[in-house]
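Thanks for asking me to look this over. Here are my notes, point by point, for reading alongside the structure.

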Amino acid sequence: MRIQRVFKTMAAVAMFSVGISACSSVQQESNLYQELGGESGVAVIVNNFIMTIASDERVIDYFAVSNVQRFREKMVEHICLISDGPCTYTGDTMVDVHTGMDVKEGDFNAIVEDMMEALNESGVAIGTQNRLLARLATFRGEIIYL
Amino acid sequence: MKLRSKYSSLVTLLLLAPVSLASLSVHADGRIKGTGGVSSIGGSGGGGLIPWATLTSHATREEIGASGFISTVDVDDFTLDVAGAAFNFHDRFEISYARQNFTIKANHAKISQDTAGLKYKLAGDLIYGNVPQITLGAEYNSLRDPATAFAVGAEEPDGTDFYISAAKAWIDGIGHRTSMLNVNVRHSESNQYGLLGFGGDDMGSRLHLEAAGAVFLTRSLVAGAEYRHKSDNLGALREDSATDIYIAWLPSKHLSFTAAYVDLGEIAGAPDQTGFYFSIQGAL
């Protein structure tokens, strides 16, 4: 119920800001964090992402020793930060996290596909998905073959 | 029926090749869906009318991939039936083969051609980073029935095209849809894709510009267009550049269907050849 209310409020806020930007003469890109649903939206996305990874045999082994709660926390912060949300990332650098894991390019793409699935399940529109995926993709060099 | 017998041996080959390669552990689904493109009429991975810098299938540097396809082009006065296969070794090398059967509708005359292709990825990546995927390619064409080619003034029954190809995709592209641009520069002396041989008495430019664009409307539906510049080498016949607009449906990484409207211009004295292209590709 509460989540629904939050969503309704956010939807109202989103529609209002869309209305504002439609009225303003300057065409401005909407804030990605808001488009992802803000705090609760990103929480849903990260939850779905973790569930998708958990059932993905291609990559699950990389997460075998992960602390799920910590992963969830840092992933939420990370997505919040790169989508221009009001967060600070308190986790380790991408390079530090992935060094020694020898993540292959295929593993990285599997994770990208898992994120696509999570975004779909979270009801995120494809254009918004692509805005986020494009930003996430820039970290590839700090993740694979380390 | 005729089509079936014509292709039966090829289809058998295409069906057997993946099976025999399964023992070499052909397994390629490591790249994002669509990044292998479809199969060009020359057999190499690409669009329909031109190869792209992308290598066929979804193989990564750890994988070996394969694809097989059947395509048909039906324009006002001609049909072109193509079947072929391609292999991708570690997303670095691609080898391909296609058999083209060209039919003149008016008299059911046929011209057949074999095309063997080779691609080598030089640098870059289609999706990631700032360097576009850059690929060198070669296509060797050899006519099985060179009589028509010689009759219209071609100098050779076979020839090799060389091309350099660059492709870049933007995940967040046009209208926030993943979008791709591919540009080729091809060196060729071919007349009508080699179907009318190579060289002539009135050689045009040997350098040809080719381009293709694609937009992923969804993760499984792609729309785009292609342009293939061609030269007019034969004094007796006019040759035009070719264009197409296409839509491709990729229900999985292993299957694609492509339909296109093609404008091939004038072919062997018949002007304004427009029509449709259909292609089915299976990939491992």
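1. A word on terms before the core: a nonpolar core here is a set of buried Ala, Val, Leu, Ile, Met, Phe, Trp, Tyr and Cys residues joined through C-beta atoms within 7 Å. Please also keep in mind that this is a predicted model.

2. Which residues touch the most other members of the largest nonpolar core? They are B:Ile41, B:Ala66, B:Leu80, B:Ile127, B:Ala167, B:Leu196 and B:Val262, out of 58 residues in that core. Several strands of chain B supply at least two residues each, including S3 (64-75), S8 (158-170) and S14 (270-283). The top contributor is S4(B), with 7 residues.

3. Another core, of 21 residues, lies apart from the largest one. Among its members are A:Tyr33, A:Ile53, A:Val76 and A:Ile111.

4. In chain A, have a look at helix H3 (residues 38-54) and helix H4 (residues 68-82), whose axes come within 10 Å and cross at roughly 130 degrees. That angle makes H3(A) oblique to H4(A). The crossing is right-handed. On the H3(A) side the contact includes A:Phe49 and A:Ile50, and on the H4(A) side A:Arg72 and A:Met75. By class, this contact has 11 nonpolar, no polar and 1 charged residues.

5. Finally, the contact between the chains: chain A brings 15 residues and chain B brings 18 residues. On the chain A side, helix H6 (105-121) and helix H7 (126-137) each supply at least two residues, and H7(A) has the largest share, 7 residues. That side of chain A is made up of 6 nonpolar, 5 polar and 4 charged residues.

Note on methods: Residues numbered from 1 in each chain as written. Chains lettered and ligands numbered in written order. Predicted model: local features only at pLDDT ≥ 70, side-chain atom pairs only at ≥ 80, totals over all residues. Contact = placed C-beta atoms within 7 Å. Helix = DSSP H or I, 4+ residues; strand = E, 2+ residues; numbered from the N terminus. Nonpolar A, V, L, I, M, F, W, Y, C, P; charged D, E, K, R; others polar. Axes fitted to C-alpha atoms, helices over the stretch in contact; angles between N-to-C directions. Parallel < 35°, antiparallel > 145°, perpendicular 65-115°, else oblique. Left-handed = near helix turned anticlockwise from the far one by under 90°. Buried ≥ 20, exposed ≤ 12 C-beta atoms within 10 Å, placed from the backbone.
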